[in-house]
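Subject: Structure for you to look over

Hello,

Here is the structure I promised to pass on. Please open it alongside this message.

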Amino acid sequence: EGVRMWSKLVPMGEGEGAFVAVMTCGHADENCPFIPAAEARIPLRYEDPKKFDDTEDEARMYDERSKQIAAEMVYIFSEVAKK
């Protein structure tokens, strides 16, 4: 079936069955919404590249953070797939 992912909001009717909420912001515990259908809620804290908005480093920092999150998600899901 693969992995279904959403950013910000979980669409109505989604998240049924085996569902884990993985939040990738530095303040996930305090500010991300409660998702009642989730079997687990896992905050992964990353430094928000937003502080580089409107600077010459903006694109580079967003790309860097995106690649970091993607690499770590690949690792996590490859470990889950082994179980």
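Below is what was found in the model, from the overall layout down to single residues.

This is a predicted model, in which local features need pLDDT of at least 70 and side-chain atom pairs count only at pLDDT 80 or more, while totals for chains, interfaces and linings use all residues. Residues are numbered from 1 along each chain as its sequence is written, and side-chain values use heavy atoms, with hydrogens and water left out.

**Layout**

The chain has two helices and two strands. Helices (H or I, at least four residues) and strands (E, at least two) are DSSP runs, numbered from the N terminus. Along the sequence the order is β-α-β-α. The chain holds 83 residues, and 19% of them count as buried. Here buried means under 20% relative accessible area, exposed means over 50%, and partly exposed lies in between (1.4 Å probe, protein chains only).

The accessible surface is about 6600 Å². Carbon and sulfur atoms make up 57% of that surface. Areas come from the Shrake-Rupley method with a 1.4 Å probe; for residues, only the protein chains shown count as cover. Take the contacts with a separation of 6 or more: residues 24 or more positions apart account for 12% of them. A contact is a pair of heavy atoms within 4.5 Å.

**Strands**

S1 (20-23) and S2 (residues 40-43) run parallel, joined by four bridges. Two strands pair if DSSP finds at least two bridges between them. Val-20 stands opposite Ala-40 of S2. S1 has two faces: Ala-21 and Met-23 are on the covered one, Val-20 and Val-22 on the uncovered one.

**Helix H2**

H2 covers residues 58-81. Its 24 residues reach 34 Å from first C-alpha to last. That is close to the 34 Å expected at 1.5 Å a residue. The expected span is 1.5 Å times one less than the number of residues.

Which residues of H2 are buried? They are Met-61, Arg-65, Ile-69 and Met-73. Strand S1 is included in what covers them.

Another part of H2 faces out. Tyr-75 sits in this helix and is exposed, at 53% relative accessible area. Tyr-75, Ile-76, Phe-77 and Val-80 make a nonpolar surface patch of about 370 Å². Patches are made of residues with over 30% relative accessible area and no salt bridge; like charges are joined within 9 Å, nonpolar side chains (Val, Leu, Ile, Met, Phe, Trp, Tyr) within 5 Å.

**The loop between S2 and H2**

Two residues here deserve a look. Tyr-46 lies in this loop. Tyr-46 is buried, with a relative accessible area of 7%.

Asp-54 has a positive phi of about 65°, although it is not a glycine. Asp-54 counts as exposed, at 76% relative accessibility.

**Salt bridges**

A salt bridge is a side-chain nitrogen of Lys or Arg within 4 Å of a carboxyl oxygen of Asp or Glu. By this rule there are four.

- Glu-47 with Lys-51: the closest N and O atoms are 2.3 Å apart. Glu-47 is partly exposed at 43%, whereas Lys-51 is exposed at 56%.
- Asp-57 with Arg-60: the closest N and O atoms are 3.4 Å apart. Asp-57 is partly exposed at 25%, and Arg-60 is partly exposed at 45%.
- Arg-60 with Glu-64: the closest N and O atoms are 3.7 Å apart. Glu-64 is partly exposed at 38%. Arg-60 and Glu-64 are about one helical turn apart, because they are four residues apart in helix H2.

Shared partners join Asp-57, Arg-60 and Glu-64 into one salt-bridge network.

Best wishes
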